[in-house]
Amino acid sequence: MSKVGMDDVARVAKVSRATVSRVLNDNHLVEASTRDRVRLAMKEVGYAPSKRRSGPKPKNARPSQLDRGAIALITIGATSSLFQDPIMISVMDKLQESCRERQLNLLLDQMTSLEDIPLCIQNRQVDGAILMVAGRPAYQREAIARLAKMLPCVQLFSPGHSVPTVDHATVNDVAVGAMAYRTLLGEGCRQFAVVSACAWFHEALLVRGRAYLDRVQNEGYPGLCFAKQMEHGSAERVWPQPLNVFESMTTVAQAIAKTGASKKDPIGVFLTLDDHAGALHEALDQAGLLREEAVKLVVAGTTPYNVETLVPQPLLIDLGFPDLIRTSVDRLIHRAYNLQSDSLTFKVAPKLLRPE
């Protein structure tokens with residue numbers, strides 16, 4: 001007598017062999033009526049399933065099960081300047097960690113012109129690509145659209161969603177600015193200042209700063225805006241007026257001191273990115289504003305690294321990079337399986353970190 005198998009169960013239950021397998025593996029997507037029919041057929045034909053290993057699958061089984069088991073991080077534009085940004089250290093660390101968790105290889109490549117299609121894509125070495133734009137290259141939109149026609153893509157960062165056929169994962173910069181305002185208001189501040197120390201156009205910082213100032217002005221409080229002199233372009237063209245353009249943090253501290261801020265009437269200062277937190281903190285300290293508790297400082301940043309050694313330590317708004325990177329990789333895997341799925345924008349909520 002031949003051994004009864006899954007094909008016999010499938011024939012009697014009038015389902016596919018794959019459906020029988022799903023029932024045996026307790027797949028929740030199988031309808032209850034189908035599951036009951038398969039189990040009844042198993043009893044009818046006398047099928048006894050082999051014992052299966054309970055618990056998680058072996059670690060060498062790739063969770064993604066993608067064809068090539070690899071994704072790429074593709075930078076578009078001035079790649080050299082992008083990798084000088086301290087934030088990239090955190091991005092790369094979290095991205096590598098996320099890929100390891102999913103048993104995926106990570107490749108790095110770049111696209112500096114429309115004709116410069118990354119080799120990893122030309123050679124079909126990857127299942128999908130996470131895209132990052134450096135600066136504001138004129139060919140940005142067309143480059144992203146061209147890559148998206150060749151393989152699944154997710155754009156990382158950039159407040160504006162440039163191509164509607166590509167998923168987009170970014171920091172919720174409006175929420176960051178709003179959180180900075182609410183936090184400083186809760187600290188007793190009734191006058192406010194925003195400081196952006198980036199020497200080039202950085203749309204995310206502009207969105208954070210504008211969201212902060214919009215709330216300050218909407219509530220009728222006095223607000224100051226400080227932006228560093230830009231190497232290319234004009235700060236006056238992108239930041240709201242009146243604007244204080246500065247070259248050193250000492251200038252910022254001196255202007256804040258002139259507001260008459262005191263312990264009884266502190267000024268809330270929001271720094272849009274943490275890589276200049278040390279310089280601002282030192283300038284405020286030299287002006288005596290920190291010792292007199294005339295300033296409450298909130299910083300938007302990727303990790304506590306740039307603020308944890310400062311005394312007193314500023315409040316940190318965590319941008320949620322780990323969640324952002326995980327979301328990007330998971331969505332890329334999803335698009336690899338569902339090429340026609342609708343594109344979406346994912347925004348990660350910030351979190352306030354207080355000194356321990």
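Visitor: Hi! How many helices and strands are there in the protein?
Guide: There are 13 helices and 13 strands. Both are DSSP runs numbered from the N terminus, with helices (H or I) having at least four residues and strands (E) at least two.

Visitor: What should I know about the model itself?
Guide: It is predicted, so local features need pLDDT of at least 70 and side-chain atom pairs count only at pLDDT 80 or more, while totals for chains, interfaces and linings use all residues. Residues are numbered from 1 along each chain as its sequence is written, and side-chain values use heavy atoms, leaving out hydrogens and water.

Visitor: What share of the residues is buried?
Guide: Buried residues make up 46% of the 356 residues. Buried means under 20% relative accessible area, exposed over 50%, and partly exposed in between (1.4 Å probe, protein chains only).

Visitor: Nice. Where is Ala169 found?
Guide: Ala169 sits in strand β5, residues 167-171.

Visitor: Is Ala169 buried or exposed?
Guide: Ala169 has a relative accessible area of 1%, so it is buried.

Visitor: Which residues does Ala169 touch?
Guide: Leaving aside residues up to four places away in sequence, Ala169 touches Val154, Gln155, Leu156, Phe157, Leu324, Ser328 and Phe346. Contact here means heavy atoms within 4.5 Å.

Visitor: And how far apart are Ala169 and Val348?
Guide: In sequence, they are 179 residues apart, and in space 7.9 Å, C-alpha to C-alpha.

Visitor: Switching to helices: at what angle do α8 and α9 cross?
Guide: The axes of α8 (residues 173-186) and α9 (residues 203-218) cross at roughly 40° and come within 7 Å. The axes are lines fitted to C-alpha atoms over the stretch in contact, with angles from 0 to 180 degrees between N-to-C directions.

Visitor: What do you call that arrangement?
Guide: α8 and α9 are therefore oblique to each other. Under 35 degrees counts as roughly parallel, over 145 as roughly antiparallel, 65 to 115 as roughly perpendicular, and the rest as oblique.

Visitor: Which residues of α8 make the contact?
Guide: From α8 they are Asp173, Val174, Val176, Gly177, Ala178, Ala180, Tyr181 and Leu184. Their partners on α9 include Ala204, Val207 and Arg208.

Visitor: Now α5 and α13: how do their axes cross?
Guide: The axes of α5 (residues 87-101) and α13 (residues 321-337) come within 9 Å and cross at roughly 50°. That makes α5 oblique to α13.

Visitor: Who is involved on each side?
Guide: On α5, the contact is made by Ile87, Ser90, Val91, Lys94, Leu95 and Ser98, and on α13 by Phe321, Pro322, Ile325, Arg326 and Val329.
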